[in-house]
Each structure stands twice: as C-alpha cells, then as structure tokens.
Amino acid sequence: MSRLQVTLTGTGTSQGVPMIACNCEVCTSSDPRDKRLRTAAVISKGNTTIAIDAGPDFRQQMLQNQINSLDAIVFTHEHKDHLAGLDDVRAYNYHQSEAMPLFASLRVQEAIKREFAYVFENSKYPGIPQVELHEIHPFSSFSIGEIDLLPLEVKHMFMPVMGFRIDQFAYITDANFISDEVVEKLRGIDVLVLNALRKEKHPSHFTLDEAIGMAQKIAAKKTYFIHLSHQMGKHEKVSSELPEGFFLGYDGLTLSV
C-alpha cells in the first residue's frame, strides 16, 4: 500500500508571516521556519496528487514545491486566504490539457462562482481557467485517483469548514469547535494537522492550548500545528515548549504517513 506524502505548502494565517508593516521579532526573524505563506497543503499517493485549498500564494507554493502535475483541488471553506489563487490553475489546464476538478461543498462552490464569475460565463474569454465542480458532503467519502477522502465538518465560529481524513492522516484548518462525532472519526490516527492561531483567546480559531487539548482528545500519535499567526511567537522557542508528540508545522515540511 502506497504511503501518503503530505507537504505543508503554507502554514501562516490569513495575512501571512511576516505581516505587512510589522517589525515584531517573528516578522523580522531570519529563521526560514518563521516565513509563512497562507495555509495550504499538497497530498500525494501513488500517481495521484491533490491540493487542499488554493489561496493567494497558490502559484508561489506550487513553484516552490515543484508540483508539476495536479489531479484536483479540494476546498475547506470560502475565505479568501483559501481560494483567492484559483486563477492560477490555468497553467495546469495548459500542461495537462484538461479542466481542473474542484471538490467543495455547495456553499463554497457558490463563493467560487461569485469570486471568479468570468470562469462561468456562457461566452468565455480565451485563456481563462477551466474547472469542473464536484459537490462534497460531511461524512460522505469520495475518491480522487488513489486518494480516498472522508470530509468532516468543523466550525470556524459560525462558519462550517471541511476537514479531511485520508487513511491515517487528518487535516483540519480554521476551526475552534470539533464535535464529538468528528472526534470519534479521528480517534487514534497517526498524524493530525490542526490549526492553532496563537496563545491568546480568539473568537474563531483554536489557541495553542485549545489545539493541544483537542489533539489529546483525538489521541493522534503526532500532531502538527498550522495557520499560525506572528503572535504565536518564534518557531524555535514555541517548539521547545510543546509536549512530546506535538510540533509546529512550517512551510515546505513533508510528512510520510
């Protein structure tokens, strides 16, 4: 059985790190692990490669990680830091000679149609992105090539966000509530990737302590934190404070699951 290869192509919050006009110790850090593009990931298994989300750094992330072919993009939710880079699928359209499959809830599909209305017009301008939409639902598994995904709905304050379990791996971003039903679907997995914005309380994201507590409830063997703000602190210092089995993710980190 092929192993999953998971690359964290971005691990930063919606404004990225460094943040514009900020001179804090994190934003001015020389440690490359403190340079964070907007949160996203690429997952490969066998001959199949998919992206989770296509935020404003999508082009840069695909180039930096040499993602030369892509079978589909799966969306967690409709916030701009997770879909604003969708126009750049044009390069894959050209090289792969086919439309890019997009997997998303109906609500996220409607947001994509609003934000990229020119893609869906009857009279299409030459060279615009070619996409095909596929609807996904919580707890209803679907497959893309060799990758089987189970969508799991979590809450980002009031907004539903889709997390995904793939084999012994799970990816959850932009959440501050995970139901017991979802916890049971994840219990005991090998690797969990989970959002942890900062140490101070936030209305729509887990804090670091809240994320640690949730990961302990899920009982994942290893947990990597993503969607990190500059307010979290420097990678090296925060990493040294984490319990065993917990890690800060960073851009370019590749996990074999």
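Predicted model: local features only at pLDDT ≥ 70, side-chain atom pairs only at ≥ 80, totals over all residues.
User: OK, how many helices and strands does the protein have?
Analyst: There are seven helices and 14 strands. Those are DSSP runs numbered from the N terminus: H or I of at least four residues for helices, E of at least two for strands.

User: And how compact is the protein?
Analyst: As compact as a globular protein of that length, because its radius of gyration is 18 Å, close to the 18 Å that the globule rule gives for 257 residues. The radius is taken over C-alpha atoms, and the rule is 2.2 Å times the number of residues to the power 0.38. Along the principal axes, the C-alpha atoms fill a box of roughly 55 × 45 × 35 Å.

User: How much of the protein is buried?
Analyst: Buried residues make up 55% of the 257. Buried means under 20% relative accessible area, with a 1.4 Å probe and protein chains only.

User: Switching to pockets: how much space is in the largest pocket?
Analyst: About 230 Å³. A pocket is found on a 1 Å grid over the protein atoms alone, as an open set of points with protein on both sides within 12 Å along at least five of seven lines; a cavity is a set where a 1.4 Å probe fits but cannot get out, and lining residues have an atom within 4 Å of a point. Points are joined across faces, edges and corners, and a volume is the space filled by probe spheres set on them.

User: Which residues line the largest pocket?
Analyst: F58, R59, M62, L63, Q66, I67, N68, D88, A91, Y92 and H95. The elements giving two or more residues to that lining are α1 (58–64) and α3 (90–96), and the largest share, four residues, comes from α1. By class, the lining has six nonpolar, three polar and two charged residues. Here Ala, Val, Leu, Ile, Met, Phe, Trp, Tyr, Cys and Pro count as nonpolar, Asp, Glu, Lys and Arg as charged, and the others, Gly among them, as polar.

User: Is M62 buried or exposed?
Analyst: M62 counts as buried because its relative accessibility is 6%. M62 is in helix α1. Not counting residues up to four places away in sequence, M62 touches T9, V42, I67 and Y92, where contact means heavy atoms within 4.5 Å.

User: What about the second largest pocket, how much space is there?
Analyst: About 160 Å³. That pocket is lined by 10 residues, and R3, D167, Q168, D190 and V257 lie nearest its centre.

User: How many cavities of 30 Å³ or more are there?
Analyst: One. The largest cavity holds about 40 Å³ of space, and its lining residues include V17, D34, R36, H230 and L248. By class, that lining has five nonpolar, four polar and two charged residues.

User: Last one: where is H156, and what does H156 contact?
Analyst: H156 lies in strand β8, residues 147–156. Leaving aside neighbours within four places in sequence, H156 is in contact with H77, H79, V161, D174, A175, N176, S204 and H205. H156 is buried too, with a relative accessible area of 7%.

Technical notes:
Residues numbered from 1 in each chain as written. Heavy atoms only, no water. Buried < 20%, exposed > 50% of the residue type's maximum accessible area, 1.4 Å probe, protein only.
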